[in-house]
Amino acid sequence: PPRSTLFPYTTLFRSKISWRDEYLKWICGFANANGGKIFIGIDDKGNLVGVNDYKKLMDDIPNKSVNHLGLVVNVNLHKDADMHYIEIDVPVSSMPISYHGAYHYRSGSTKQELKGPALHEFLLKKIGKTWDDIVFKDSSVAEIDETAVASFIRAAIKSGRIYPDVNKDGTADILENLELVTPEGKLKAAAILLFGKKPMKYFISSYFKIGKFGVSDSHLKLQDTSEGNIFEMVDR
């Protein structure tokens, strides 16, 4: 039967003619994203081709998912036109799921292996944090440029975004009210980038380059580098 009569099409779906262990990567990718379903015994065009070893797979697939991914999936057996096919219903995982140390993520109709900054950001989101909320335990308010904070306060008061009496507060209180420090006075990443005296101590890439080009991209007339916190770099 065509896909529309066999089951509703959804972007959270993959179909496979037969089972292969590498599909555990897809289960991993579904769990790390928005969940989804994988059908075994149906081709990519939605045609039912059936699966012969369905009895064995009904035991193997959930066991392999638990053993390799630590994830419990629902495996359902269906029958249509005297042919069997398997539905693997993958739930969304609240914790990051890895397959042999690699983290996969389903985006659209593709599966991607997360690496570098993308993996870092994914892991933080899974535990309910964002990159700019990272706390640096060896940091302190003494590393904050009070001139940058004062400049920010003046602009915020002028625009009406902050109460006028904030000038009476100390730097530590201001940062705490902005949720940029912990109660113990440890700085978050956002505090260092916004107001830090030397952000590159923590982030070696916290600078930007400016270039002036001629008639082509290969004709570089001059270049310069700006370092410091965000407010300093904008002024410079």
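## Exercises: strand β4 and the chain around it

β3 and β4 form a hairpin with two residues between them, and A81 in the turn has a positive phi of about 55 degrees. Strands here are DSSP runs (E, at least two residues), and helices are runs of H or I with at least four, numbered from the N terminus.

The model is predicted: local features need pLDDT of at least 70, side-chain atom pairs count only at pLDDT 80 or more, and totals for chains, interfaces and linings use all residues. Residues are numbered from 1 along each chain as its sequence is written, and side-chain values use heavy atoms, without hydrogens and water.

**Exercise 1.** Find the strands that pair with β4.

*Solution.* Pairing takes at least two DSSP bridges between two strands.
- Step 1: β3 (residues 74-80) pairs with β4 in the antiparallel sense, over seven bridges. V75 is bridged to I88 of β4.
- Step 2: β2 (residues 36-40) is also antiparallel to β4, over five bridges. F39 is bridged to E87 of β4.

**Exercise 2.** Determine how far β4 is covered.

*Solution.* Buried means under 20% relative accessible area, exposed over 50%, partly exposed in between (1.4 Å probe, protein chains only).
- Step 1: β4 spans residues 83-90.
- Step 2: Six of its eight residues are buried, and the strand is mostly covered.
- Step 3: For the chain, 39% of the 236 residues are buried.
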